[in-house]
Amino acid sequence: MTERPPRQAVPAGAALRIHTGANPYAAGPCITFGLDRDRESAGAIPPPDGWRRALSTHPALAGEGAVVASVIDAAGRASGVPAAIARLAAALQRAIGHPVADPADAPTGDRVVVPIWDIPAGRDAARFAVAIVMRSRGAAARADDETRQLLDRFLATTGVARVGEDAVRLAVRAAARGIPWARTVPMASIVRLGAGIHQVHFDGGSMSRTSKIADSIAIRKNRAAALMRQHGLPVPRGRAVQSLEDARRAAAEIGYPVVVKPVATDAGTAVHVDIADEVGLGRAYATAARHGAVLVEQMIPGDHTRLLVFQGRFISAMRLDPGRVTGDGRRTVADLIAAANVGRASEVSVRDRRIDVDDEAMGWLGRQGLTLDAVPQSGRLVRLRNGSNLSRGGTAFNVRERVHPDNARLAERAAAVLDLDLAGIDLITPDIARSHREVGGMICEINSGPSLYLREPGYEIEEAVLDGLFGGRQPGRVPIVCLLGEEDAASAGLLAEIDARLAHLPGKRAILTPTRVEIGGWPYLDPPARAHDAGAALLGDPETGAAIVQVAPAVALDEGFAFDRCDLALIPAGLAHTPAARLLAGASDACADPADRPAWAAALARIAEIHASAAG
Amino acid sequence: MPTVVTRQRNLLGPSLYAPGPCAMLRVGWGDVRASPEQIAASIANALGRAGAIPADVATVAAAAAAEPGRAAAVAAVLLQRALGHRVPDAPASAAKETVVVPIWDAEIGAAAARTAVALVGFARGDGPEGADGDAEAAVARFRTRVSGIEHSDCVMRILPAAERRGIAWARLVPGSPIIRLGHGVRQKVIDGSTTPGVSGTVGRITTHKDLATALLRRHGLPVPRNRRVATVEDAIRAATEIGYPVVVKPNSTDLGTAITLDVRDEAALRAAYAQAARHGRVLIEQQLDGYNTRLMVMFGRFVSAVRKNPAQIVGDGQRTARALIAAENGRRGGALKPIEIDEEAHWFLAQQGLSIDAVPAAGQAVVLRHVSNFARGGSADNVTARVHPDNARLAERAAAVTGLEVAGVDLIMPDIARSWREVGGGICELNAGPGIYMAEADTRIEDALIDGLFPNGANGRVPVVCLLAAEGREAAELVDRVGGRLGDGVAVVTPSGARVGAWPVADGPLRLQDAAQTVLADPQTRAIVLHLTPAAVAGEGLGIDRCDLAVIPASAPVPEARLLAAHAEARVDPAAADRLAAALDRIVAAASA
């Protein structure tokens, strides 16, 4: 069960305000809120040692904790607290793998400005940071324990668990290309890449262009195998069985050794490989049957390689090795496993995916004539797991360059037959560098929501995916025209004219003014009170082909904008040198005076041309 | 001597035996041991149970003794028609030992044919070897067998709509409810009314009611206030925040399962929560006032609306509630499931001062259910013509925001004929892959679905060229020439193998019909060259329903040549090289247009 963050820690009346676009508080997205001065009356009392110790030593904060404490020391209690909260909140978000910017160094007064990356995680980080920094007031006896608990709770309930590391990496690279992203709905792990009509959604490896039907076929292993077999793809012999009796018959037909797995689970759950006899079959059947219908399949010898195909093209391959350790002639199996788990703990992607010493591991040890206390000789591979899924202690190696072209074609064809936009094809073959037609090889599984697995420094997989998703000169963006100023009859006429000039673009026009929140003439019911939030909703609207926004200067300075960048800013001469105008101009590709019709009309024509061709 | 089926196979295209797809069985009939009266009675009883029409049953019974093959063929047709399958009449000229049964669905048709032989055998007194029971038991086994693979009501409306447009269909894999419409690269795969344009990712949002309402609310659509809760205490808090009465429902089930409406207090809430919690997380939702209308949106356009009414009976002052329910159930069928007399029905009767054996007054309407789902005994009125344009636009927008090509938008409003902006209302549920209902008497929904999948009257077919010739170098060269002209992605089927582009999909020797079906089904097939040998055509038929061009040498045997030509748009002799080239050019031009 997920715990709620300590909501009460933020002073009453100090609602968190979210600024996802260009804003006056920070260079990027941020959350701002005010602190209650009364609660900060502790004055110059230095933070207790226990609190300092807990922050400084927590492994996930990577030294940032000590900095947070020193910020308070350096600036003094009262003025240091907002900066310390911001710093800690940023550190918390980084600890879960989110790439947040550094907080600004400039003093922010009583206002806390927390740089964020993902809104829900940023909000949680802000709340926890407030709670933790508040623990620095007074000499609470158990401050170190409480602080550590809060840190642990944040790590356990927020972040990667919600969005997923693949989505984080994809969004990072999308943002670098200027592609806007956000969560599709705040409570779900689904991420939207691109704005308006260009949006696609990504959910733990599933791409929104993969249809629900293709998804449902891929998840039913026997149906997927039947379809692949029908289209001449190599798949192991096998069939769904109704009972243990039936499983025995199937195994006898197929011939031992066999694989037993549930028809519709993922991530290697209850998959049993290399079953040599009826005894093993009975055991395997019992666990697999807990997950519904069971499949008995021919066992294919060889390495397990996951080939990724995106939009019909092979983009990457990794060899997946089952959880195992390598002997060094000195340490026992138990020690080797412990050491391997320490290594995994330092990597965000496999942090929670330890190799447990369970029945499965003990079974493999027994088969290899080993015990936990045995000392395997140097270089000996000791296998501990059935499947090679990362989530079960497996490891992945990049073998993209080694894949034989025939095997790449095989993966592409499997993805085509199953109509998957992004597919992970699991090929078992003795040698991925040679053609499956020559050395044999079979597709043992196909995944419609594959993990991208490899955390390559160059983001090769993510870049290939983004290349496929967003071409054109304005990747994933809809044109945005922003008029600064109060709403009146003249501005309404101007917006109507802009609307008409963009009418030929694909999609509908979204209109946002202080009194209107509309998409294609459709007024939103109960639109959000903040212009920022209404703008974010419109830009996330799948019907939006272009956005026309009017923001009053005071609102711009208070909330910022919903966009990080707009195509054209219309700034009346009278406002030209105001802070709001500077903020908007800094976030615009082009500026014009609304009174200068030829200038803005020309700019608008250019924008329309770029986006019309980008859409085509 | 028992009745024996020595061979059975399906011919999926026109053949020398039947003008369309058929099942062919070779049968050794057992002796006649029963009297004509017994045979007739037994057949009438068994087919009657299967729901066959009595007049036709009499035909079967009359023929069973002297012409068992003919009787079995007709019986098999009746078994299929009883399931609503559109099967033509059995061919009149069947030999006794060869039973030719027209089929519609390949698997169900084959099962019907086998059942019909058993049925006639049993009726005559000698059933199939090793089979238990009698004619009636054979029909019962058939019903069990097909119940797992029968097409849904929705698919049974979509497939005829596809056929009206000349679009071919088949199951994705045997036994699968998923249907492939069209061929090759032009195919569209549907699952009920779920279309391939519906994203798996976004689809997951719509299956979680809390996420779906959050998305709709975010984009300015009217939805009830709601909150997902984890415990009964949380549910009580949520209901207090939202304000009674509330609706309690599982966050992700369908068909009205475990939904309780009109929950007015904490006690009722606890009961409703316990029921819903059996299906996972629970949603507490504001109750909207009004009628529940299902608006269907297909490919961005509102097409139809049905007002859903909860199960109810109307008293006549004479019959008891029990008798009225039985009478109502007699009228229901298809998607309209019978009204069950359960706890909920008793509770509603008690609320209205009645019991199951009480007699409601004449004209007294007695509601028996909270929810109006047809699976729970509800009924429906078509109100398409009355829907206010604003409400139609609301439904279209809900489908657009959630990325659903086909959506059933459930609106609760006091009056569907007035704008929701004026009289209020909200979307209480959004269904991806909604059923097509009985109240929709016309075919506009399924036609809209087919139009959306195959715009501009397209029939989802790829060009098919058939060559009728014996195996040999000459034929092989001709196949290569035709294949080369049809370009990339051409699938080539010959007696020695089949490939799609460069990819071998089957090695020979093979049944041409199976190979033809494989390449028709292949999503990478752009065009097909099918080399039929006269022997294969004589034995298996064409294996496909029609082709664009039949390449037939003058030397081809006449019956086979005539069969192929009758199912081809054009016919050409390969000796006339110019004409062949011109015909291929026309096909390529038409395909790229």
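Which residues does B:Asp105 touch, not counting residues up to four places away in sequence? The first legend below has the reply. This is a predicted model, where local features need pLDDT of at least 70, side-chain atom pairs count only at pLDDT 80 or more, and totals for chains, interfaces and linings use all residues. Residues are numbered from 1 along each chain as its sequence is written, chains are lettered from A and ligands numbered from 1 in the order in which they are written, and side-chain values use heavy atoms, with hydrogens and water left out.

**View 1. B:Asp105 and the residues it touches.** Look for B:Asp105 in the loop between β3 (98-102) and α4 (106-124) of chain B; helices (H or I, at least four residues) and strands (E, at least two) are DSSP runs, numbered from the N terminus. Leaving out residues up to four places away in sequence, B:Asp105 touches B:His85, B:Ala110, B:His151, B:Trp169 and B:Arg171. Contact here means heavy atoms within 4.5 Å. With one of these, B:Arg171, the B:Asp105 side chain makes a side-chain polar contact at 3.0 Å. (A polar contact is a pair of N or O atoms within 3.5 Å; within protein, one must be able to donate a hydrogen and the other to accept it, and residues adjacent in sequence count only if both atoms are side-chain atoms.) A polar atom of the B:Asp105 side chain also sits 3.2 Å from the backbone nitrogen of B:Glu107. Is B:Asp105 buried or exposed? At a relative accessible area of 1%, B:Asp105 is buried, since buried means under 20% relative accessible area, exposed over 50%, and partly exposed in between (1.4 Å probe, protein chains only).

**View 2. Where chain A meets chain B.** Each chain has its share in this contact: 45 residues from chain A and 45 residues from chain B. Together they bury about 3,900 Å², 62% of it on carbon and sulfur atoms. (Buried area is the accessible area, with a 1.4 Å probe, that two parts lose on being put together, summed over both.) On the chain A side, A:Lys212, A:Ile213 and A:Trp522 lose the most area to chain B, together 20% of what that side buries.

**View 3. Salt bridges between the chains.** How many salt bridges are there between chain A and chain B? The count is 4, where a salt bridge is a side-chain nitrogen of Lys or Arg within 4 Å of a carboxyl oxygen of Asp or Glu. One to find is B:Arg397 with A:Glu543, at 2.7 Å from N to O.

**View 4. A salt bridge inside chain A.** Here A:Glu463 pairs up with A:Arg177, and their closest N and O atoms are 2.5 Å apart. This pair links distant parts of the chain: A:Glu463 is in helix α16 (residues 460-469), while A:Arg177 is in the loop between α7 (165-176) and β4 (181-183), 286 residues apart. A:Glu463 is buried at 18% relative accessible area, whereas A:Arg177 counts as partly exposed at 27%.

**View 5. A salt bridge inside chain B.** B:Asp357 and B:Arg322 form this one, with closest N and O atoms 3.2 Å apart. B:Asp357 lies in the loop between α12 (343-351) and β14 (365-367), and B:Arg322 in helix α11 (residues 321-331), 35 residues apart. B:Asp357 is partly exposed, at 48% relative accessible area, and B:Arg322 also counts as partly exposed, at 41%.
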